[in-house]
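Here is a short report on one protein chain. Keep the structure in view as you read.

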Amino acid sequence: MGSEEERIAIEKEKVLMVGAGGIGCELLKTLVLTGFKHIHLIDMDTIEVSNLNRQFLFRKSHVGQSKAKVAREAVLKFRPGVDIVAHHGNVKNTEFDIDFFKQFSVVLNGLDNLEARRHVNRLCLAAGVPLVESGTTGYLGQVTVHIKGKTECYECQPKPAPKSYPVCTITSTPSKLIHCIVWAKELALAKLFGDKSQVSDLDVRTSVDGKSITSEVENDDVKFFELRSGESFQQFAARVFDRIFGYNIEIALQNEETWKARRQPDPLYLDKILPTQQEEEGSAAEENGNGVEIEQHPTVSAMATLGLKNPQKIWDVQENARVFLESIQLFFKRRSKDIGKLVFDKDDQLAVEFVTAAANLRAHSFGIPMQSLFEAKGMAGNIIHAIATTNACIAGLIVLEALKLLTNRTEQCRMTYCVEHPTRKMLLVPVEPAEPNPHCYVCSETPLVLEVNTVTATMRDVIEKVLKRKLGVDSPVIMQGSSLLYETGDDLEDDMAAHYASLLNKSLALYPTPITTGVVLTVEDYHQDFRCSLHVKHRETFDEETEPDGILVTGDIASVINAEQPTLPTKTPAADDEDLFNKEENGHGDDNKDDDDDLVMFTPETTAGTKRKLEEDENLLVEEKRLRIEEPPVMV
């Protein structure tokens with residue numbers, strides 16, 4: 001089992017695990033089998049059917065229950081003497097503060113989203129607790145070690161927001177339109193017109209008070225989404241509409257635990273959206289001439305049938321409902337040969353119309369802004385599913401690094417990357433951790449430059465696009481010198497909250513304390529013990545493609561200090577690992593859900609100025625001493 005020192009450390013030290021999903025299940029099992037006795041586990045998610053193929057601690061009877069609590073119960077059945085404390089909650093909740101983190105000897109992450117990773121990194125820095133970070137996507141994975149003052153922190157190298165689409169978020173708690181688009185494409189479209197033998201969690205299954213709640217027709221699930229004898233195409237489309245946008249939402253609402261900290265969705269039923277007369281008129285128009293009209297279009301299109309011509313127009317709820325109904329009918333009338341084998345193709349006009357309408361209807365139900373067909377089509381992307389064996393390998397590596405940390409062998413710690421094809425004759429590639437980045441705005445508090453059009457940009461833009469999205473700040477407090485410009489918090493008085501809210505849409509230049517070039521904003525988040533300064537630099541224009549937010553954050557302080565002088569290039573420190581994000585969500589971020597796995601977009605990239613060779617099959621960039629796996633430029 002190892003040295004006596006290891007045995008003592010394993011038995012007495014307290015360990016915090018964050019995430020009980022794909023990596024988390026493997027990690028908890030490996031920890032207790034290694035001999036760890038004191039483990040705390042945090043996860044806010046509930047178990048979904050889609051988790052069961054890899055999260056082996058869960059069973060079908062557990063669907064709808066807390067991942068953290070069920071994982072604890074499952075492990076205690078084969079290791080009853082272990083002290084495991086399960087927390088069903090968001091790691092960003094105030095109860096999990098710096099003092100909470102200080103009680104642990106090491107923190108082990110099994111997360112799936114950037115926001116939660118940033119948050120845990122900052123709390124570990126503030127508490128002085130080492131962090132072992134991890135991530136997987138398909139056959140790729142990595143484990144990285146972060147020790148305050150000795151190695152890079154998690155945020156020492158820039159991390160673009162990952163394009164990830166967690167299954168649990170998609171099926172249960174979407175918070176962005178992209179979640180709804182993936183749901184419409186991978187679940188709704190596939191369930192109705194794709195391979196019927198493939199599993200699709202279009203129906204919601206949940207539980208209340210530990211008892212499983214399922215659809216009344218669970219055992220007849222496949223047949224429900226098939227055309228019935230004597231049923232018209234219009235009747236079938238209406239029945240499907242009420243099921244997936246109405247009945248399934250009502251079933252999901254029965255799990256009150258899920259909606260304690262989230263906005264409840266609104267069930268949508270066809271008779272409330274489209275009056276009976278409108279339905280009948282639409283059907284009559286189709287029977288009385290639309291069949292001939294359709295033939296004049298080389299591409300089958302619901303938009304053409306309904307007279308919707310502008311793909312950049314955002315349809316209202318009624319228009320989305322009509323497109324949804326019409327697209328289903330057209331698949332049966334004009335594309336019947338494709339039913340049962342249809343796969344989404346962005347060049348398939350009718351499929352794109354169906355996905356756009358279904359995604360917008362689901363978005364409307366969950367209070368998410370709808371988008372045009374043009375925008376929805378552009379959001380479609382590649383998907384990589386999780387692989388259980390990768391999760392198992394990564395979990396084992398996490399425990400190995402934790403043992404080194406607990407026995408003060410930090411010089412032996414390695415950042416290890418799991419690759420699909422051999423790199424230097426290895427599938428597990430270890431590299432030495434890098435030293436802290438002296439320009440890191442998190443662990444070194446290096447000032448940042450905020451390039452923004454101060455005439456058109458507002459305080460809301462700064463808070464949403466910069467502080468929350470780019471810098472991962474949850475509860476920002478913004479000051480200019482001694483002037484308090486903005487703050488949030490439960491203890492904030494109503495009149496002050498109303499005052500700050502009234503200024504959110506005011507341009508920076510017209511703010512009561514004008515924010516223009518040369519102004520230095522101090523940003524703090526007391527919960528994260530985070531502080532940074534933003535040096536404002538006015539900029540008139542931004543490139544719409546490369547800078548779509550119209551705001552840029554850099555570390556180029558020289559450009560502010562001497563704006564008249566040409567800016568010299570800043571040397572970028574050698575980059576280190578970059579994660580393979582698996583999603584948006586163990587529920588610990590704003591996107592709320594799942595774990596390592598599920599639906600993710602992954603595109604390895606390089607950092608300029610470093611000597612690397614390109615692995616042909618993997619697109620993994622390897623340099624002489626270290627390997628770097630980069631994330632895609634944007635998402636999930």
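## A helix across a sheet

Helix H17 (residues 459-468) lies across strand S12 (448-452), S13, S14, S15, S16 and S17. H17 runs at about 50 degrees to S17. Helices (H or I, at least four residues) and strands (E, at least two) are DSSP runs, numbered from the N terminus. Contact means heavy atoms within 4.5 Å. Axes are lines fitted to C-alpha atoms, for helices over the stretch in contact, and angles run from 0 to 180 degrees between N-to-C directions.

This is a predicted model, where local features need pLDDT of at least 70, side-chain atom pairs count only at pLDDT 80 or more, and totals for chains, interfaces and linings use all residues. Residues are numbered from 1 along each chain as its sequence is written, and side-chain values use heavy atoms, with hydrogens and water left out.

## The sheet

Six strands form an open sheet with mixed pairing, in the order S14-S13-S15-S16-S12-S17. Two strands pair if DSSP finds at least two bridges between them. Strand S14 (483-486) and strand S17 (551-554) stand at the edges. Each has a single partner strand, so one side of each has no neighbour in the sheet. On average, neighbouring strands of this sheet are turned by 30 degrees against each other, direction ignored.

Buried means under 20% relative accessible area (1.4 Å probe, protein chains only).

S15 runs antiparallel to strand S13 (residues 477-480), and three bridges join them. Ile478 has Val523 in S15 as its bridge partner. S15 also runs antiparallel to strand S16 (residues 530-538), here with six bridges. Leu521 has Leu534 in S16 as its bridge partner, and Glu524 stands opposite Arg531 in S16. S15 and S16 form a hairpin with four residues between them. In the turn, Asp529 has a positive phi of about 55 degrees.

## The nonpolar cores

A nonpolar core is a set of buried Ala, Val, Leu, Ile, Met, Phe, Trp, Tyr and Cys residues joined through side-chain atoms within 4.5 Å. The largest one has 59 residues. Among those with the most contacts inside it are Trp183, Phe245 and Ile328. Helix H7 gives the largest share of this core, 12 residues.

Ile328 touches Leu192, Phe193, Phe236, Ala237 and Phe354, not counting residues up to four places away in sequence. A second, separate core of 42 residues includes Phe58, Val70, Val399 and Leu405.

Definitions and conventions:
Buried < 20%, exposed > 50% of the residue type's maximum accessible area, 1.4 Å probe, protein only.
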